[in-house]
Amino acid sequence: PGFKASILGMDVLSPLDLERVFGLHQGNIFHGAMTLNQLAYARPAPGHSRHRLPLERLYLCGSGAHPGGGVMGAPGRGCAKVLLADLGMSL
């Protein structure tokens with residue numbers, strides 16, 4: 001109760017706004033469509049789905065990494081596990 005009264009302001013962004021302001025292609029917050037050709041081994045591209053990138057000690061996490069975006073934090077956890085394993089550590 002009383003939650004509405006506690007809201008001081010609102011900022012609504014359309015997909016076009018997201019593209020213009022943040023550079024998100026077509027306003028897609030998942031950094032790529034969540035379609036079959038962008039899932040699992042193919043996210044962000046075939047051969048780069050295990051968080052390690054071709055440059056040594058460069059890792060990818062976030063919405064563009066496997067398993068994709070959302071509020072679950074899974075790409076970050078997966079990347080952390082890979083990074084720690086490369087350092088000889090574990091979670």
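# Briefing on a predicted chain

Phe22 has a relative accessibility of 55%, so Phe22 counts as exposed, the cut-off for that class being over 50%. This residue lies in helix α2. The model is predicted, with a mean pLDDT of 88 for the chain.

**Confidence**

- A pLDDT of 70 or more is reached by 100% of the residues in the chain.
- Among the elements of the chain, helix α1, residues 3-6, has the lowest mean pLDDT, at 90.
- The highest mean pLDDT among the elements, 94, belongs to helix α3, residues 74-86.

**The surface patch**

- Phe22 forms a nonpolar patch on the surface together with Leu13 and Val21.
- The accessible area of these three residues together is about 300 Å².

**Helix α3**

- The buried residues in α3 include Pro75 and Cys79. Val82 and Leu84 are also buried in this helix.
- Gly88 follows α3 and has a positive phi, near 75°.

**His51 in the loop**

- His51 is placed in the loop between α2, residues 15-22, and α3.
- Is His51 buried or exposed? Its relative accessibility is 8%, so His51 counts as buried, since buried means under 20%.
- Leaving aside neighbours within four places in sequence, His51 is in contact with several residues, among them Leu58, Tyr59, Leu60, Ala65 and His66.
- The contacts of His51 also include Pro75, Gly78, Cys79 and Val82. Of these, Pro75, Cys79 and Val82 are buried residues in α3.
- The phi of His51 is positive, about 75°, although His51 is not a glycine.

**Other backbone features of the loop**

- Ala40 lies in the loop between α2 and α3. Its phi is near 50°, which is a positive value in a residue other than glycine.
- Ala40 has a relative accessible area of 39%, so it is partly exposed.
- Which kind of peptide bond runs from Arg43 to Pro44? This bond is cis, with omega near 5°. Pro44 lies in the loop between α2 and α3.
- His66 and Pro67 are also joined by a cis peptide bond, with omega about 5°. The loop between α2 and α3 is the place of Pro67, and His66 is one of the residues in contact with His51.

**The salt bridge**

- How many salt bridges does a search of the whole structure find? The search finds one.
- The salt bridge is formed by the side chains of Arg52 and Asp86, at 2.8 Å from N to O. The pair links distant parts of the chain, with Arg52 in the loop between α2 and α3 and Asp86 in helix α3, 34 residues apart.
- As a general point, side chains of opposite charge can pair when their charged atoms come close.
- Arg52 has a relative accessibility of 40%, so Arg52 counts as partly exposed.
- Asp86 is also partly exposed, because its relative accessible area is 37%. Partly exposed is the class in between buried, under 20%, and exposed, over 50%.

Key:
Residues numbered from 1 in each chain as written. Predicted model: local features only at pLDDT ≥ 70, side-chain atom pairs only at ≥ 80, totals over all residues. Heavy atoms only, no water. pLDDT = per-residue confidence, 0-100. Helix = DSSP H or I, 4+ residues; strand = E, 2+ residues; numbered from the N terminus. Buried < 20%, exposed > 50% of the residue type's maximum accessible area, 1.4 Å probe, protein only. Contact = heavy atoms within 4.5 Å. Patch = residues over 30% accessible without salt bridge, like charges linked within 9 Å, V, L, I, M, F, W, Y side chains within 5 Å. Areas by Shrake-Rupley, 256 points an atom, 1.4 Å probe, with all protein chains shown as cover. Salt bridge = Lys/Arg side-chain N within 4 Å of Asp/Glu carboxyl O.
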